[in-house]
Amino acid sequence: MRVLVLGGTGSVGGPVVRAIVKRGHEVLALARSAASAQKVVAFGAQPVPGNIRRPEEWLQALPAVDAVIHAACEFEDAMEGIERHLLGHLLPHLAASERNPRFIYTGGCWLFGATGDQVATEATPFRALPAFAWAVPPIKRVLETAGIQPTVIHPAMVYAAGGGVFSSFARDSIERRAIRIVGNENVRWPLVHSDDLASLYALVLERGVARESYIGSAIDGFPVGRIARAFAKRSGAVDRDLQIISADAIAAELGDWARGYALDQQASGEKARLTLGWDPKHLDPESDIAAIN
Ligand SMILES: NC(=O)c1ccc[n+]([C@@H]2O[C@H](COP(=O)([O-])OP(=O)(O)OC[C@H]3O[C@@H](n4cnc5c(N)ncnc54)[C@H](OP(=O)(O)O)[C@@H]3O)[C@@H](O)[C@H]2O)c1
């Protein structure tokens with residue numbers, strides 16, 4: 001298939017580009033800068049110069065595609081308007097194509113809010129934090145668009161060995177600062193390794209059912225304190241080197257969206273496992289952390 005990826009240099013989209021290139025698809029990736037273009041070329045894809053803020057500048061010249069994977073995002077207040085404008089151009093463009101293209105849209109586990117001891121599934125109603133409430137209407141819009149085959153993937157918290165949502169723990173441990181935890185040690189995060197998540201996108205691309213959603217969670221809920229302790233152990237630090245900070249403090253530092261780090265959540269990837277044969281390999285984040293060089 002010829003596939004356009006938006007966000008093909010990101011934590012989610014980068015591994016997706018590499019995975020689908022490897023599976024033999026022809027991959028185009030939107031690149032808003034020369035540096036981003038260089039990255040997508042290194043991943044084996046063809047850069048399409050352009051910005052999600054201005055789809056009218058690159059859509060008309062885009063060759064016909066069989067699928068679009070959208071995993072681009074700016075973590076700022078303007079995102080609601082950016083997304084509305086982007087979808088306002090992109091969806092009609094795709095719906096007008098004779099190829100009946102697939103459109104794989106990225107939601108996120110934070111849209112389900114705190115679940116505590118419940119485990120979110122695709123049937124769980126959204127209870128998004130205020131900073132993410134804007135992201136719910138586009139999901140409905142995408143799933144209801146005629147003339148395309150839309151699917152939504154809700155990634156769990158995405159990690160790579162020392163990266164993704166583990167970056168701040170890794171940075172704190174390298175700099176030998178106290179490793180910071182938002183909320184408390186028992187806060188659970190649903191987790192997925194970026195390579196496993198990329199496999200899910202590839203499966204949805206190749207055999208996902210239109211108008212369905214899939215939660216990309218390999219580990220339903222993992223206590224954040226254990227992640228922090230694993231990094232502390234690696235760096236030779238001791239338990240007292242963990243530092244609890246409040247959701248208000250992290251929001252003041254990074255923006256309101258960062259309150260999501262304090263959500264005690266569990267989410268299940270069972271639907272993707274059962275219906276698509278998704279088989280995530282990374283099920284032990286502590287071993288992944290211990291194995292970092
Ligand atoms: N990471 C997670 O744990 C996680 C979990 C659940 C859901 N999600 C969702 O997944 C999506 C992607 O998140 P992420 O973590 O992969 O973000 P990320 O690492 O910050 O990547 C964002 C991507 O979007 C691109 N981008 C940003 N603004 C752009 C613009 N104006 N024009 C063109 N491209 C632009 C970036 O390209 P550049 O290279 O040019 O910067 C990059 O490829 C988001 O919707 C997020 O909410 C992420």
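Here are some exercises on this predicted model, each with a worked solution.

Residues count from 1 along each chain as its sequence is written. In this predicted model, local features need pLDDT of at least 70 and side-chain atom pairs count only at pLDDT 80 or more, while totals for chains, interfaces and linings use all residues; side-chain values use heavy atoms, with hydrogens and water left out.

**Exercise 1: the whole chain**

Work out what the secondary structure of the chain comes to, and check its radius of gyration against that of a compact globule.

Solution. Start with the secondary structure: the chain has ten helices and 13 strands. These are DSSP runs numbered from the N terminus, with helices being H or I of at least four residues and strands being E of at least two.

Next, the radius of gyration. It is taken over C-alpha atoms, and the globule rule is 2.2 Å times the number of residues to the power 0.38. For 293 residues the rule puts a compact globule near 19 Å, and the chain has 19 Å, so the two agree. The C-alpha trace spans about 60 × 40 × 40 Å along its principal axes.

Then the surface. The accessible surface is about 13,100 Å², and carbon and sulfur atoms hold 51% of that. Areas come from the Shrake-Rupley method with a 1.4 Å probe, and for residues only the protein chains shown count as cover. Of the 293 residues, 51% are buried. The cut-offs are under 20% relative accessible area for buried, over 50% for exposed, and partly exposed in between (1.4 Å probe, protein chains only).

Last, the contacts. A contact means heavy atoms within 4.5 Å. Take the contacts between residues at least 6 apart in sequence: 78% of them join residues at least 24 apart.

**Exercise 2: a helix pair**

Classify how helices α3 and α4 pack, and sort the residues of their contact by type.

Solution. First the geometry: α3 (residues 79-95) and α4 (residues 136-143) pack at about 5°, with axes 11 Å apart. The axes are lines fitted to C-alpha atoms, for helices over the stretch in contact, and angles run from 0 to 180 degrees between N-to-C directions.

Now apply the classes: under 35 degrees is roughly parallel, over 145 roughly antiparallel, 65 to 115 roughly perpendicular, and the rest oblique. So α3 and α4 are roughly parallel to each other.

Who makes the contact? On the α3 side there are Glu83, Arg84, Leu87, Gly88 and Leu91, and on the α4 side Pro138, Arg141 and Val142. They sort into four nonpolar, one polar and three charged residues. Here Ala, Val, Leu, Ile, Met, Phe, Trp, Tyr, Cys and Pro are nonpolar, Asp, Glu, Lys and Arg are charged, and the others, Gly among them, are polar.

**Exercise 3: positive phi**

Locate Asn100 and Arg211, and give the phi of Asn100 and of Arg211.

Solution. Some background: most residues other than glycine have a negative phi.

Asn100 sits in the loop between α3 and β5 (102-106). Its phi is near 50°, a positive value in a residue other than glycine. With a relative accessible area of 34%, Asn100 is partly exposed.

Arg211 sits in the loop between α6 (194-207) and β11 (212-216). Its phi is near 70°, again positive in a residue other than glycine. At 39% relative accessibility, Arg211 is partly exposed.

**Exercise 4: sequence versus space**

Solution. Ile20 is in helix α1 (residues 13-22) and is buried at 0% relative accessible area.

His193 belongs to strand β10 (residues 188-193) and is buried at 7%.

Asp196 is in helix α6, buried at 4%.
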